[in-house]
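Take a walk through this protein chain.

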Amino acid sequence: MQYNELFYIIDIMMRRFDQLFGDIVAILRRDYAGWEALEGFDPPYYNQAIGQAWHDDRLDELLFLRYVSQMLACTGDRALRLELLPREGYEPYGPGFFTRRFGDSLYVTALAGETRLAIGDRIRAINGGSPAHHREVIQKNFFYAGPDAPEREDWNGLLKMADTVTVNGEVVPLARYPRKSPHPGPAALLEKDVLYLRPPVLDAPEAAESLIPALEAGPLRALILDMRQGDGSAEEAFYPLLPWLCRRDTPLSGLLGPSELFVNYTPLNCALRAAALEAVPGGEPYIAELREKAGRGFLPEDSAPEETVVPGRGPEQVVVLTDTWCRGAGESLVLAAKSAGAALIGRPTLGTLDHSGPVSCRLDERFIFTWPTAVTGEARAGRGMMGVGIQPDIYVPWTPEECGRDVLLAAALEYIHNA
């Protein structure tokens, strides 16, 4: 192969990464439901970083994914996601543990494969630099939170890129582990009439239905619902639990929050939704509606559920444990519980309910990009919950003590006993 031919092939590859980056930016500025309020969005900075990596002969799929993921993180919207399509030799990975910042250290809060660390270990340095040093020198904020909100920071992205952490004076080389999903804890009768539940991922009603026997087993004075790691993609999945959140009969619409929604009917969004409906029996009328609305931009759409009444079967007291990692359908469940009069104890939830209606598009044989297409009226008016979340009634700041003791569960029991 001649030098000119080799240069031509490399140039084609560079233009392809440039094109992928341009496609992503165009989607964010046109099809993404939150494009009107984009903050911290600086494509030229990341375009330059990608170009420099190519110039230094370092650019590959994983590095491109890393740069784009950092750019998306700077928007604060965790529903924006670029992923590598499944292929041989690659699967999504993490550092094998989770952390939380307190002061100028990270503390290991959970393990996900890593065996050389223990819960409660104090990480004083990443690649030789303190957490404060990294926050200072990293020019863009891809921690999903400002430096004054350490409880909301996500250090997983930086730890995935790091080579070492310093724990107890020892430098520990980092490894890659398959990314793990949250898992449910068992139902437990903490006292003779106090039931503790941690719902599984809310992707289908069957998940919540599996908890009903524990709720029906006997008379309850109090229910503690642990939503600290609440997650899921289907709001309807938690409907079977709603009667146990309500002490009296309650309209469903009164539990689920504001119903005003604006859907961004761009040609691409409509085409992707129509393609997904082609295999759905009875989907033809919806496809025709999408074709009619394509290109009309944001249109209001009432998302209120059918007017039904949820029968009140809840105990005298319902307490919900909340934390920053509660998101998606799990966060909707917290909002429903709060509307029903439950007491929320812990930290604010993640704040993912501003946007909904995600669609995904393959950019080529390697990547898939996902973005939401609908935004609530509250968020569009500047009153959204991104970066804020659902506020607890009793705020308990995170401290390293929680690595060895369930502080929030103790606070919930104290609340029940003193009420």
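The protein chain has an average pLDDT of 88, and 93% of its residues reach at least 70. Confidence is highest in strand β17 (residues 343-346), at 98. It is lowest in helix α1 (residues 3-30), where the mean is 68. Over residues 1-15, pLDDT stays under 50. For that stretch the model has six contacts beyond four places in sequence. Where pLDDT is low, the predicted coordinates should not be read in detail.

Now look at helix α9 (residues 284-293). Which of its residues are buried? Ile287, Leu290 and Lys293 are buried. They span an arc of only 130 degrees around the axis, so they sit on the same side of α9. The spacing fits a general rule. An α-helix has 3.6 residues a turn, so residues three or four places apart point the same way. The other side of α9 carries exposed residues: Glu284, Pro285 and Arg291. What covers the buried residues of α9? The cover includes β13 (260-265), α8 (267-277) and β14 (297-302). After α9 comes Gly295, with a positive phi near 90 degrees.

Next, the rings. The structure holds nine aromatic pairs. One of them joins Tyr45 and Tyr46. Their ring centres are 4.9 Å apart and their planes stand at 80 degrees, so this pair is edge-to-face. Tyr45 is partly exposed, at a relative accessible area of 27%. Tyr46, at 2%, is buried.

Phe102 and Trp398 also pair. Their centres are 6.4 Å apart and their planes are at 65 degrees; over 60 counts as edge-to-face, so this pair qualifies. Where do the two residues lie? Phe102 is in strand β3 (residues 97-102), and Trp398 is in the loop between β20 (394-395) and α12 (407-418). The pair therefore ties together parts that are 296 residues apart in sequence. Phe102 is partly exposed, at 37% relative accessibility. Trp398 is buried, at 6%.

Ring pairs also link Phe17, Phe64 and Phe367 into a cluster. Arg366 lies over the face of Phe17, 4.9 Å from the ring centre. Elsewhere, Lys160 lies over the face of Tyr93, at 4.8 Å from the ring centre.

Definitions and conventions:
Residues are numbered from 1 along each chain as its sequence is written. This is a predicted model: local features need pLDDT of at least 70, side-chain atom pairs count only at pLDDT 80 or more; totals for chains, interfaces and linings use all residues. Side-chain values use heavy atoms; hydrogens and water are left out. Rings of Phe, Tyr and Trp (its six-membered ring) pair if their centres lie within 6.5 Å; planes under 30 degrees apart count as stacked, over 60 as edge-to-face and the rest as tilted. Buried means under 20% relative accessible area, exposed over 50%, partly exposed in between (1.4 Å probe, protein chains only). Helices (H or I, at least four residues) and strands (E, at least two) are DSSP runs, numbered from the N terminus. A charge sits over a ring if NZ of Lys or CZ of Arg is within 6 Å of the ring centre and within 35 degrees of the ring normal. pLDDT is the predictor's confidence in each residue, from 0 to 100. Contact means heavy atoms within 4.5 Å. The arc is that of the directions from the helix axis to the C-beta atoms.
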